[in-house]
Amino acid sequence: MHIDAARHLVTHALLPRWPDARVAIIGGSIARGEATPTSDIDLLLIFDRVDQAWRDTLKVGTQTVELFGHDPATFDYFCREIDRPAGRMPLANMAIDGVSVLPDVPPYRAATAWLRTHAQQLIDDGPAPLTPAMLASRRYEITTLLEDLIDGSEPGETLATAVKLYDSLAQFALRAAGAWTGVGKHLARRLRATDPRLAADLLAAMNAIASAPATGKALFDTAVRRTLAPHGGLLLEGFGAPAPAAWRSEGIAFPASPGDIQLHMDER
């Protein structure tokens, strides 16, 4: 769908349902001019205040619309507390890169300008840095995935492991570099922008893993070792992850056995 058609649909079929919206922005592939025949309309609505933020998936005729409803406070909370720790900023990116569909008059213009400025500041602040424990945990995960991939022989399992390793290694490389990440196609795009060499190496590895498994495994091995090297390399022995002491269910224990009862009686 072209942005003009999306704007017409939103303006006439959706905005009348929410006349109090101060900001209405179409984001995603339609706003970027990259829409496919099945692309959804991503619509961000910002109000003065909502009781709670929400997300709805709607159908207008045959067109799917993904609707995100917020006010300034919930928008900020979701960006800071939900998205930033995960290394992604989909709402903020929608606000910055999207197309406003409300009339260009002062009340709407000011609210949209504020939202874009606020979202840009959130993006500029960057993702939350990985702690040493997080880096170690991710190195361990990637190392075990690489071992599983190298040792694997069943085609379906090998492919599934390769998919997971691609995701884990790409996420690690981006977060370790202080860059934002993404999911699916957005992860691949961000990796190409931040580390084009790794992006090319992982693409070659994935292309080879099904048709030439030995070649694909060797390419993954090289990519993993080169990516982890600046952060301590592969990690297995010595890795630990103690759980918080409070992580236990109350009242759960082994049932007493006859031997336990006799032992307690003897102790008396």
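**Charged pairs and nonpolar cores**

Reply: Arg 225 and Asp 221 are 4 residues apart in helix α10 (residues 213–228), so about one helical turn separates them. Helices (H or I, at least four residues) and strands (E, at least two) are DSSP runs, numbered from the N terminus. The model is predicted: local features need pLDDT of at least 70 and side-chain atom pairs count only at pLDDT 80 or more, while totals for chains, interfaces and linings use all residues. Residues are numbered from 1 along each chain as its sequence is written, and side-chain values use heavy atoms, with hydrogens and water left out.

The side chains of Arg 225 and Asp 221 form a salt bridge at 3.0 Å, N to O; the term means a side-chain nitrogen of Lys or Arg within 4 Å of a carboxyl oxygen of Asp or Glu. Arg 225 is partly exposed, at 46% relative accessibility (buried is under 20% relative accessible area, exposed over 50%, partly exposed in between, with a 1.4 Å probe and protein chains only). Elsewhere, salt bridges with shared partners join Arg 32, Glu 34 and Arg 189 into one network.

Arg 189 lies in helix α8 (residues 185–194) and Glu 34 in the loop between α2 (28–32) and β2 (41–46), so the pair ties together parts 155 residues apart in sequence. Arg 189 is partly exposed at 30%, and Glu 34 is partly exposed at 40%.

Another salt bridge joins Asp 104 and Arg 109, with closest N and O atoms 2.8 Å apart. Asp 104 is exposed, with a relative accessible area of 60%, whereas Arg 109 is partly exposed at 43%. The whole structure holds 9 salt bridges.

Now the nonpolar packing. The largest nonpolar core has 25 residues, and Leu 165, Leu 191, Leu 202 and Phe 220 have the most contacts inside it. Such a core is a set of buried Ala, Val, Leu, Ile, Met, Phe, Trp, Tyr and Cys residues joined through side-chain atoms within 4.5 Å. Two or more residues come from each of α6 (132–151), α7 (155–176), α8, α9 (196–211) and α10; α7 gives the most, with 8 residues. Leaving aside neighbours within four places in sequence, Leu 202 is in contact (heavy atoms within 4.5 Å) with Tyr 166, Leu 169, Ala 170, Leu 191, Phe 220 and Ala 223. Apart from this core lies another, of 22 residues, including Leu 14, Ile 26, Val 50 and Leu 67.
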